[in-house]
Amino acid sequence: MAAPGKFTEKEINPLGSLDEWEDDVLQRYPDPDTIAKEKSKEAYRNYEEPGRDTVREFYRLNHTHQTFAFVQQKRKDFLQFNRKEMSVWDAFNFLNQLVDDSDPDTDLDQFQHLLQASEAIRADGHPDWMVLTGLMHDMGKVLCLFGEPQWAVVGDTFPVGCAYSDKVVYPEFFKNNNDYTDPVFSTKLGVYTQNCGLRNVSMSWGHDEYVYQMLKDYLPEPGLYMLRYHSFYAWHREGAYGHLLDDHDREMLKWVKLFNPYDLYSKCPTPPDWKQLRPYYEDLVAKYLPSTIKF
């Protein structure tokens with residue numbers, strides 16, 4: 001966690017809500033209406049002033065502080081998974097403390113949003129492990145409840161330890177990053193080798209990496225790629241960082257691209273009928289996950 005007093009409250013929470021980041025993504029990457037069945041994609045995130053300065057400030061902080069050393073420290077700290085141990089259902093109750101009062105698309109809690117994503121995946125006939133991936137993909141946002149600043153929880157992710165791509169959103173803010181002029185980290189390959197594979201690359205810290213590490217022993221490889229890289233837009237939408245990819249990454253890309261629209265476009269104002277759905281999801285969770293998960 002950030003040391004007390006290291007950041008001001010405004011620097012810890014530059015966004016009005018975590019979903020302002022998704023608003024920005026939706027504006028950058030509008031998608032066909034195949035999943036958002038209750039309203040068109042143009043109706044999503046209808047703020048009066050969509051180009052909010054808060055998003056720019058969020059990425060200024062994100063790009064300034066997400067150094068290679070910062071990421072290694074966060075991995076060392078949080079990947080011990082020694083903060084809480086909960087059942088999946090208790091974890092959802094914990095996550096629901098992040099209810100977003102400012103989201104214009106839904107007044108549903110975090111669990112219901114995840115349930116909508118997983119139900120959209122199930123409705124399209126995808127495998128049950130992918131349904132579970134949809135249910136669990138934002139669980140890493142509990143990092144905010146452990147005191148992490150927003151810019152270390154959400155946001156587009158990118159490799160650290162090598163030169164930053166201009167395909168990453170707001171690339172101009174990387175000039176504030178200590179690694180930007182580092183003689184090693186500023187080179188194209190940095191600490192990596194050509195086509196080393198993303199599994200050998202340290203990504204900027206956030207909920208994607210955290211939930212991947214949490215669930216890496218329980219889901220098939222395509223589901224793990226969905227968890228780990230669903231916010232890596234510079235790769236799966238912009239085609240950047242090809243020099244770091246191996247053949248396995250290129251094969252898995254289709255799964256990440258398949259998953260992404262279910263994350264962004266499945267929100268609708270009608271809450272899922274949890275009473276009806278509960279037996280299915282209890283069986284699904286029990287099939288793949290242990291009785292408790294460490295956070």
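Let me begin with a definition: a crossing of two helices is left-handed if the near helix is turned anticlockwise from the far one by less than a right angle, and right-handed if clockwise. What we have here is a predicted model, in which local features need pLDDT of at least 70 and side-chain atom pairs count only at pLDDT 80 or more, while totals for chains, interfaces and linings use all residues. Residues are numbered from 1 along each chain as its sequence is written, and side-chain values use heavy atoms, with hydrogens and water left out.

Helix 6 (residues 110-123) passes helix 7 in a right-handed crossing, where helices are DSSP runs of H or I with at least four residues, and strands are E runs of at least two, numbered from the N terminus. The contact, meaning heavy atoms within 4.5 Å, involves F111, L114, L115, A117, S118, I121 and R122 of helix 6 together with M130, V131, G134 and L135 of helix 7.

Turning to helix 8 (residues 207-215), 9 of its 9 residues are buried, which is to say under 20% relative accessible area with a 1.4 Å probe and protein chains only, whereas exposed is over 50% and partly exposed lies in between. These buried residues pack against helix 2, helix 4, helix 7, helix 9 and strand 2.

Y210 is one of the buried residues of helix 8, and, leaving aside its neighbours within four places in sequence, Y210 is in contact with residues including F78, W205 and F295.
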